[in-house]
Amino acid sequence: MNSEVYKKNFTIGEILSFSWEIFTKNFKLIASLFLSIYIPLSILSYRIALKTNEENLVRELTLNFIIGIIALVASLAVIYVAKQTIDNKSTNFTESIEFAISKWLPAITTNILMGILLVILFILLIVPGIIFSIYWAFVLPIVALKDMRMMKALGYSKSIVQGRWWKLLGYLVVITIVGILAGIGIGIGEGIIIYVFLQITNSMIIPVIIISTFNALMTAYFVVVSTVLFVNFDSTKKLPTSN
């Protein structure tokens with residue numbers, strides 16, 4: 001793949017296009033990793049939602065939190081696939097899942113720590129919360145690829161971003177806009193799918209599976225984007241910020 005990701009500061013356009021190249025090159029593997037986890041979880045979440053009322057709302061929130069934790073496995077696996085591809089190394093489904101599971105617990109504990117700290121910062125004052133949410137943007141790929149966890153991972157992420165905070169903010173804004181536009185397109189498609197299936201049957205299982213597939217694939221692409229962005233920022237932290 002493009003070794004330039006290690007050598008120069010990528011523009012946001014280069015980040016997105018290189019990520020798309022990785023995503024399409026490994027589409028079958030990435031899709032199998034995400035869908036094998038997201039589809040069952042989406043069906044489970046749908047089943048839970050059907051039974052939800054005011055009395056078991058806490059149970060639903062708890063189960064959805066657990067589902068989110070389980071879904072981390074898919075993200076960690078795709079981070080591994082993306083990094084292997086960048087380094088011109090091959091991988092497979094089993095190897096990627098094994099890697100993800102080995103990083104799963106550190107990822108959970110570190111994300112919980114980061115969430116608690118961000119909540120405290122936002123409660124104390126909104127601005128520090130915003131500042132550190134950008135500083136800590138690379139925590140998940142750091143846990144996955146740098147064998148760091150907890151405060152060490154948070155500190156390393158901050159060291160990468162320091163001096164380039166505004167640049168990363170700008171990149172994340174663009175990525176968010178791209179995600180919103182993609183989400184709107186998918187949302188329109190979802191509405192059509194739901195309408196068509198409701199004319200045929202009252203069951204929502206098939207629409208849930210189809211919708212979950214689109215959402216999972218979009219999420220997987222942005223996991224690749226976050227990985228490429230991290231690798232580029234990490235590798236070029238000592239280079240001038242201009243290209």
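This is a predicted model: local features need pLDDT of at least 70, side-chain atom pairs count only at pLDDT 80 or more; totals for chains, interfaces and linings use all residues.
Contact here means heavy atoms within 4.5 Å.

Residues are numbered from 1 along each chain as its sequence is written, and side-chain values use heavy atoms, with hydrogens and water left out.

First, the chain as a whole. It has nine helices and zero strands, where helices (H or I, at least four residues) and strands (E, at least two) are DSSP runs numbered from the N terminus. Of the 243 residues, 44% are buried, that is, under 20% relative accessible area with a 1.4 Å probe and protein chains only; exposed is over 50%, and partly exposed lies in between. Among contacts with a separation of 6 or more, 75% join residues 24 or more positions apart.

Now one residue. Gln-84 sits in helix α3, residues 57-86. Gln-84 counts as buried because its relative accessibility is 12%.

Next, two helix pairs. Two packed helices are described by the angle between their axes and the distance between the axes. Axes are lines fitted to C-alpha atoms, for helices over the stretch in contact, and angles run from 0 to 180 degrees between N-to-C directions.

Helix α1 (residues 12-25) packs on helix α8 (residues 165-200) at about 50°, with the axes 10 Å apart. That makes α1 oblique to α8; the classes are roughly parallel under 35 degrees, roughly antiparallel over 145, roughly perpendicular from 65 to 115, and oblique for the rest. From α1, the contact uses Ile-12, Ile-15 and Leu-16; from α8, Tyr-171, Val-174, Ile-175 and Val-178. By class that is seven nonpolar, no polar and no charged residues. Ala, Val, Leu, Ile, Met, Phe, Trp, Tyr, Cys and Pro count as nonpolar, Asp, Glu, Lys and Arg as charged, and the others, Gly among them, as polar.

The second pair is helix α4 (residues 93-124) with helix α7 (residues 150-161), whose axes come within 9 Å and cross at roughly 65°. The two are therefore roughly perpendicular to each other. On the α4 side the contact is made by Thr-109, Thr-110, Leu-113, Met-114 and Leu-117, and on the α7 side by Met-150, Met-151, Ala-153 and Leu-154. This contact has seven nonpolar, two polar and no charged residues.
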